[in-house]
Amino acid sequence: MKKRNVVALFFVLPVIIILLAISIFPLIYSFYLSLCQWDIGTGAARTFVGARNYLRLFTDSRLWNAMRNTGLELLFGVGTQFLLGLSLALLLNRVFRGRSLVVTLFLLPMMISPVVVGCIWKIIYHYQYGPLNFLLEKIRLSPVNWLGSSSTSIYSIILADIWEWTPFVMITLLAGLQAIPDELYEAAKVDGATRVSTFLWIVLPLLRPVIIIAVLIRVMDAFKIFDLVVLLTMGGPGQSSETIAFYNYLTGFKYFSMGYASSMTYFQLAIIVIIANIFLKSWKGREMA
Amino acid sequence: MKDHLRIPIFVGIFFLLALALSPFLWNFMTSFKDKGEYFTYPPVFIPRSFSGEHYLQGLKLGGSRGIRDSVIIAVTTTALSIALGSLAAYALARFRIGGENLAFWILSVRMMPPIASVLPLFLFYRSLRWLDTYQAIILTHLLMNLPFAVWMMKGFFEELPVELEEAAEVDGCGRLGAFLRIALPLVAPGLVATALFCFMFSWNEFLFALILGRSRVVPVTVNIAGLIGGHEILWAEISAVSIVASIPIIVIAIVLQRYLVRGLTLGAVKG
């Protein structure tokens, strides 16, 4: 028994060592940095400032602007992805020829790199020469300055994100739908249930755990939106489309305020830890069920 | 399914699919357009000629170098993740080493915001003079791929009946022998799926590559972003490179079909 455990320990040790080296030690270091002022661009020495960076977080209007944008993404982006994804999953939850090909084609937007997604939408959104404004004019609407106006820029990023990630919700919920045994639908039919009541009282409750997992993964990802911002707007115009990950990137790698940037990463970590815990709890609950 | 609904539903599915794929079509068409065709109003839908010249030009503008760098990084990080990850996964699945806590700790690394990890790592690599090197990006990509490989492989090992390995041990194979000769060949399809996912995550990754690469190492995602940020935007060339960079991913998507849900939900939903 003892010997078995020693062998097993050697099996996991490499993974533990690497993850400690690239995840835990760096995080301990950046926690220390978050208590310091250190602007590596100026060459000034590192000074210990205690909780000052954390206090600054609360009064930094640019950070709260980025949080507001993340909130908009959660509300409109993840919300739309859920509704559209669920509808698509219900549509595709039937047997027909070529189904797996259709499903795979639907998935392409989320499989390709977010950088390619950004590149595609940058052309589509072009104010003068883009196809989207051309279509708007065809149906006699005025063109929209998708990326160049501070009132629309964040919504344009959200729209591209919806295109990219709706397939994720779709395929996850589709897997959940297919796990529901056919007998349940038949039993409901025998009992005289309508389509709507079957959906509300049988399908939705059974789908709940899968819905929770899909939505939580999207919520965690919403805090990490970065690629689309870099490709489409660079946070502009002004600061109108900055997300938390992008503002954090600017603080660290453009303004080189390593101390303040570190405190910002801890702010995000706190949020993610809370969501991740809900995710893991619902997962463990599912395994017991 | 009532028959009279069948046709409207298929028309609906087909319409939505066309809508979802139309941005790809536009990108594809753009890759063949000359400057006069993409900087014009009303927009030109179908280019005059379908010659590969913008593809060649795009690959010359750093595209081919980017693809080479991405291949080096993605292949190495995948190989490391699979080799180390499946060993650890086997120990977690079979000996329950560290219990649930160790397993969930490994998973939690995968969920961390990338910007939080890369900031201190950037400073570490800077003092090691590792910025702008392959090893810095390869090691950092392990942050997403190693926990992923452990979790996926753990799931696959748990689905194997344990009796085969026990028999092998009785027959004189050691623990390592039972793992290499019995368990590993049996999970081969899962192993391939996990490897393809790791490759895809690394290939598509942008944030780490942008911060840790610079001039000597420029993965294809960073290359595309650089072309877009340039003075004069060469749309046809950018589209061409983005299409070439997407081809391996499209192939992977088709091969992975059966495992997609499982991989994308970190094993939480088994498709």
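Q: How many residues of chain A and of chain B are in contact with each other?
A: In this predicted model, 76 residues of chain A are in contact with 77 residues of chain B. Helix α1 (residues 2-34) of chain A gives the most to the side that touches chain B, with 17 residues. By class, the residues on that side of chain A are 57 nonpolar, 14 polar and five charged.

Q: Why is Ile115(B) called buried?
A: A residue is buried if 20 or more other C-beta atoms lie within 10 Å of its own. Ile115(B) has 27 other C-beta atoms within 10 Å, so Ile115(B) is buried. Its place is in helix α5 (residues 114-128) of chain B.

Q: Which residues does Ile115(B) touch, not counting those up to four places away in sequence?
A: Ile115(B) touches Ala245(A), Asn248(A), Tyr249(A) and Thr265(A) in chain A, and Leu207(B) in chain B.

Q: Why does Lys35(B) count as exposed?
A: The limit for an exposed residue is 12 or fewer C-beta neighbours. Lys35(B) has 11 inside 10 Å, and therefore counts as exposed. Lys35(B) sits in helix α2 (residues 35-38) of chain B. Lys35(B) and Trp235(B) are 200 residues apart in sequence, with their C-alpha atoms 8.0 Å apart in space.

Q: What is the phi of Leu266(B), and what is that of Arg140(A)?
A: Leu266(B) has a positive phi of about 55 degrees although it is not a glycine. Arg140(A), also not a glycine, has a positive phi of about 60 degrees. Most residues other than glycine have a negative phi.

Q: Why is Arg140(A) called exposed?
A: Arg140(A) has 6 other C-beta atoms within 10 Å; exposed residues have 12 or fewer, so Arg140(A) is exposed. Arg140(A) is found in the loop between α6 (131-138) and α7 (153-178) of chain A.

Q: How do you know that the peptide bond from Gly236(A) to Pro237(A) is cis?
A: Omega of this bond is near -5 degrees, and the bond is cis. Most peptide bonds are trans. Pro237(A) is in the loop between α10 (227-232) and α11 (244-253) of chain A.

Q: How do helix α3 and helix α6 of chain B cross?
A: The axes of helix α3 (residues 53-94) of chain B and helix α6 (residues 134-158) of chain B come within 6 Å and cross at roughly 35 degrees. The crossing of α3(B) past α6(B) is right-handed. Their contact has 19 nonpolar, eight polar and three charged residues.

Technical notes
Residues are numbered from 1 along each chain as its sequence is written. Chains are lettered from A and ligands numbered from 1 in the order in which they are written. This is a predicted model: local features need pLDDT of at least 70, side-chain atom pairs count only at pLDDT 80 or more; totals for chains, interfaces and linings use all residues. Two residues are in contact if their C-beta atoms, placed from the backbone, lie within 7 Å. Helices (H or I, at least four residues) and strands (E, at least two) are DSSP runs, numbered from the N terminus. Ala, Val, Leu, Ile, Met, Phe, Trp, Tyr, Cys and Pro count as nonpolar, Asp, Glu, Lys and Arg as charged, and the others, Gly among them, as polar. Axes are lines fitted to C-alpha atoms, for helices over the stretch in contact, and angles run from 0 to 180 degrees between N-to-C directions. A crossing is left-handed if the near helix is turned anticlockwise from the far one by less than a right angle, and right-handed if clockwise.
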